[in-house]
Each structure stands twice: as C-alpha cells, then as structure tokens.
Amino acid sequence: MYPESQLIEWRRELHTWPELSGQEFATTARLRGWLQAAGIRLRDYPLETGVVAEIGQGETVIALRADIDALPIHEASGVRFHSRHPGVMHACGHDLHSAVMLGAALQLQAQADTLPGRVRILFQPAEEIARGARQFIGAGVLDEVQAIFGMHNEPSLPLGTFATRSGAFYANADKFIIRVTGKGAHAAYPEQGVDSIVTASQIIQALQGLTSRSFNAFDSLVLSITRIDGGKSWNVLPGGVEFGGTARTHDLQVRADLEQRVRTLVEQFAAANGAQATLTWQPGPPVLINDPHWAGFCSDVARQAGYRVQTAELHLLGEDFAFYLQQVPGAFVSIGSASEFGLHHASFTPDEALIAPAAGYFAQLARQALQHLSARCQASLPL
Ligand code: NI
C-alpha cells in the first residue's frame, strides 16, 4: 500500500506546475510516469494530452474520470507550493481530482487479480473549455464502457461530506454574442443615423423580460449580459455595438426554445429601429444528467465509506462530464473541500485531506460497480 503523503506530494507537484486547457503536456508526462512506475498499463489513443489507464481483466468495463487542466488566474492563495507558472493556477481543484484518481488507480492495481472486470481511468484535459470530454469520446475512450463516474470538489461543503442527485445536476452553460449594426452619425443629429446603442439597450432590457415572462417559473433559467462594447467618443453615434453573455438552463428543450426566442427578439427589435442584429449562440457543455440508479448506488457506497451523504442542489455551472453521460449511464458527485474561497478564485485553498478518503471511495465504488454489473449480466437482470 502507498501512504497518503504520496498522494499529497503528487497533488502539490501538479499544483506547482499548472497548465492551461489543451496544453497539459508536462502534466500528462507526470501522470504517465507515476502510473507506469506503479505497473499500471496505459491505453493508447490518438491524444495530444491526457492519459488513459486500465486495470483488471474481463468483459465488464467501468470508467472513472479526473480532469487535469488549470485556469488563467494568477494565484494568491499564499500556499508554500503555489503555482510557479505566473498567471496560471489550479483554481478549480483539478489537481486534487487527479490525485484522487491516482490513489484509486493504485488501490485498484493492488487488487487487480480479483477485480471482476476492468476499470478504465480517464485523466482528461481541457475541461475548462468544454473540449476535453469530446476529444476523449472521439478518440474512443468510452468503447466497451458500461458505466462512468466522476467527481468535483465542493468548497461550500465540509470535509467528509458527499452530495449528488438524480437527473439534472449541472446546467447547459451556453455563451452568446449579439452584434447590432446601425448607422453612425453626429450625436447632435441622431436622425441622420441609426442608433445602435439605443437598439442594444432595448434588446438588453427586453431579454430580461423574455426570461421572466415567456418561460415557466419552474424552468430554471438564467440569462446574464456580461459585456458590452460600442462607441469611442462623446459626440459620435457608433455604427455598431457588440454585447454578450451566458445562458444557463437545465433542460435541452428549454435551451432550444430560449435560443429561438432570443434570436427572434434580437432580429425584431433591430428591425423596429431600422438596424440589423445577429445572434451567435455557442453551446457549452449540455445539462449533466445523472442516471438515477447510479446516483443512488454512488450515495450508498459513500455511506458505507463513512461520508455524510446529502442530496446535492442544482448547479448553474457547466461541467463537461455531461458529454460522457450522454453516451453511457453513470453519475457525477460532489465531495466537500471546505475552502473559504470558491472555485476559480485566486485564493481558492481546498483541503487536501479530502484526497485519501476520496481515493478509497472511488476504488470501492469501482469494485462494487463491476460486481453489480457482472451479477446483473449473469442473471440477465434489468439495471
Ligand atoms: Ni472544475
């Protein structure tokens, strides 16, 4: 067996040398080195960054996933092992997630001969830009996988607390850009132009009315305008304005309806003002939907492992694990990391004490999920 201090040491090394999404080359080399030194076999996929390990033998296959990328944030946490890459920080705790799944891998490797199937462990890049899961799926990492599990640390929960839920969990997290084109003019003679600033401001007001008036109160939905850009002078009406933001929903139909309603509103308000406007909708990760059976299974194993188990609240954040759950059933869970500062904060300081118990939990979960699937297969039971 390995000591907890080994996992902490690995986590700190990852924390000290964070890499941005899609650029996790040194992180990939470190993970490969540690896994191979432990005698764990790696699977070969056409991937630039990220690592896929596999433990055990047999037909039944489940997957565990950690994300490995960092954020463009300059660290201000004050920890001794702080980032040595200025402007880049593991401010979402993906370094902890990686250490947890390394620990699970080591424990599973120690019992590889008696595992009733295979556990594939995905160290996935580029979660923060919602690209890594799709790259992994495209490379074939889910082939043969019957169930998949993953975690995020939750700074608002105390250590030793576990939370998940059935069905929708994280949001459709979409980005949009609206460009209004009017006609520039001297500010003293607005009638000679088409005022794109007034048009943009009408659209922004109307969008807030749209979300509150055109959707059911129980359709969870948030639309925020986060930037606006237009004009450079005090006495000239600009020819155009660009603004944008994000929309968060928990249902694919509500998301599709919202996009359509926003598009119609934007075009018609612009037309009413004699301007033109376009909407560019950039879908982010879709709503993350936990399989009810596996969410319950994860909670049961967490209780056995000694966690205080709660029902998680709906998140309005996005999480690209959702792409895996569109392909195979499984569940995503939260584990308390007790940080005073939240995710993506320059002072984010999750408690490392979560790592070893979570590693033990995922090893236990993997073994029990394989046993469950093998038993079901032999008895031809429905899931
Ligand atoms: Ni994250």
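1. The nickel ion is coordinated by three atoms, SG of Cys-92, NE2 of His-94 and NE2 of His-152, at 2.1 to 2.2 Å. Donors here are N, O and S atoms within 2.8 Å of the metal (3.2 Å for Na, K and Ca), and water is not among the atoms, so sites may look incomplete. Along the chain the donors of the nickel ion follow the spacing C-x1-H-x57-H. His-94 belongs to helix H3 and His-152 to strand S5, so the pair ties together parts that are 58 residues apart in sequence. Helices (H or I, at least four residues) and strands (E, at least two) are DSSP runs, numbered from the N terminus. Both His-94 and His-152 are buried; buried means under 20% relative accessible area, exposed over 50%, and partly exposed in between (1.4 Å probe, protein chains only).

2. A word on the source. This is a predicted model, in which local features need pLDDT of at least 70 and side-chain atom pairs count only at pLDDT 80 or more, while totals for chains, interfaces and linings use all residues. Residues are numbered from 1 along each chain as its sequence is written, and side-chain values use heavy atoms, with hydrogens and water left out.

3. Helix H3 covers residues 94-110, which is 17 residues. From its first C-alpha to its last, H3 reaches 24 Å, close to the 24 Å expected at 1.5 Å a residue; the expected span is 1.5 Å times one less than the number of residues. H3 is mostly covered, with 15 of its 17 residues buried.

4. Next, the charged pairs. The whole structure has 18 salt bridges, each being a side-chain nitrogen of Lys or Arg within 4 Å of a carboxyl oxygen of Asp or Glu. Arg-41, Arg-43, Glu-54, Arg-118, Arg-120 and Glu-144 are linked in a network of such bridges.

5. Glu-54 lies in strand S2 (residues 51-56) and Arg-43 in the loop between strand S1 (41-42) and S2, so the pair ties together parts that are 11 residues apart in sequence. Glu-54 is buried at a relative accessible area of 2%, whereas Arg-43 is partly exposed at 27%.

6. Glu-54 also forms a salt bridge with Arg-120 (2.7 Å, N to O). This pair links distant parts of the chain, 66 residues apart, with Arg-120 in strand S4 (residues 118-124). Arg-120 in turn meets Glu-144 at 3.1 Å, N to O. Glu-144 sits in the loop between helix H4 (132-139) and strand S5 (147-154), 24 residues from Arg-120. Arg-120 has a relative accessible area of 0%, and Glu-144 is partly exposed at 44%.

7. An open sheet of eight strands has the order S1-S2-S4-S3-S5-S16-S6-S15, with mixed pairing. Its edge strands, S1 and S15 (308-311), each pair on one side only; two strands pair if DSSP finds at least two bridges between them. Strand S3 (residues 61-67) and S4 run parallel over seven bridges, and Asp-67 has Gln-124 in S4 as its bridge partner.

8. The largest nonpolar core has 54 residues, and Ile-121 is one of those touching the most other members. Such a core is a set of buried Ala, Val, Leu, Ile, Met, Phe, Trp, Tyr and Cys residues joined through side-chain atoms within 4.5 Å. Helix H9 (residues 355-379) gives the largest share, 11 residues.
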